[in-house]
Amino acid sequence: MVNPLERLWKDICTVYKKEKIKNEQTKITEFSEVAIFEDIPCKLSFESLTSNSGDNVATISQSVKLFLNPQIIIPSGCKIVVRRFDLPEREFIYSKSGEVGVFTNHQEIPLAEWKGYA
């Protein structure tokens with residue numbers, strides 16, 4: 001059964017993780033990037049936060065969240081590639097950056113800029 005909220009979401013994401021794969025020819029174990037979820041309907045949300053630390057200059061930061069079906073579990077350390085409106089030129093690359101908020105019809109995953117696998 002499709003989550004009704006997913007019909008409203010116009011973005012899609014693919015989730016990757018590094019896995020150990022043994023090369024049968026060389027017998028060497030190598031790490032390879034593997035997609036664990038592909039083309040999942042989602043919604044990318046941006047929020048600008050302004051703070052003032054007492055001086056005359058305000059600081060602006062951006063908070064990014066991914067709205068996703070609550071049944072999809074994304075492990076820590078994964079790379080999340082989001083395509084806005086399914087346009088390749090609107091591709092964003094993130095990683096999960098905090099605790100996931102799980103609700104009845106969706107989950108909210110805080111994201112951070114992708115800096116590579118640990």
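The questions that follow concern a strand, its partners and one lysine in this predicted model.

Visitor: How many residues of strand β4 are buried?
Guide: Strand β4 covers residues 79–83 and is mostly covered. A residue counts as buried under 20% relative accessible area. By that cut-off, the number of buried residues in β4 is five of five.

Visitor: Which residues point one way from β4, and which the other way?
Guide: In a regular strand, side chains alternate between the two faces of the sheet. In β4, K79, V81 and R83 point one way. The residues pointing the other way are I80 and V82.

Visitor: Which residue in β4 is the bridge partner of Y16?
Guide: Strand β1, residues 11–22, pairs with β4 in the antiparallel sense, over five bridges. The partner of Y16 in β4 is K79.

Visitor: Which residue in β5 is the bridge partner of V81?
Guide: Strand β5 spans residues 91–96 and runs antiparallel to β4, with five bridges joining the two. Within β5, the bridge partner of V81 is I93.

Visitor: Which residues is K18 in contact with, leaving aside its neighbours within four places in sequence?
Guide: K18 and E113 are 95 residues apart in sequence and 17 Å apart in space, C-alpha to C-alpha. Contact requires heavy atoms within 4.5 Å. With those sequence neighbours left aside, the contacts of K18 are F31, S32, E33 and Y117.

Definitions and conventions. Residues numbered from 1 in each chain as written. Predicted model: local features only at pLDDT ≥ 70, side-chain atom pairs only at ≥ 80, totals over all residues. Heavy atoms only, no water. Buried < 20%, exposed > 50% of the residue type's maximum accessible area, 1.4 Å probe, protein only. Helix = DSSP H or I, 4+ residues; strand = E, 2+ residues; numbered from the N terminus. Pairing = 2+ DSSP bridges.
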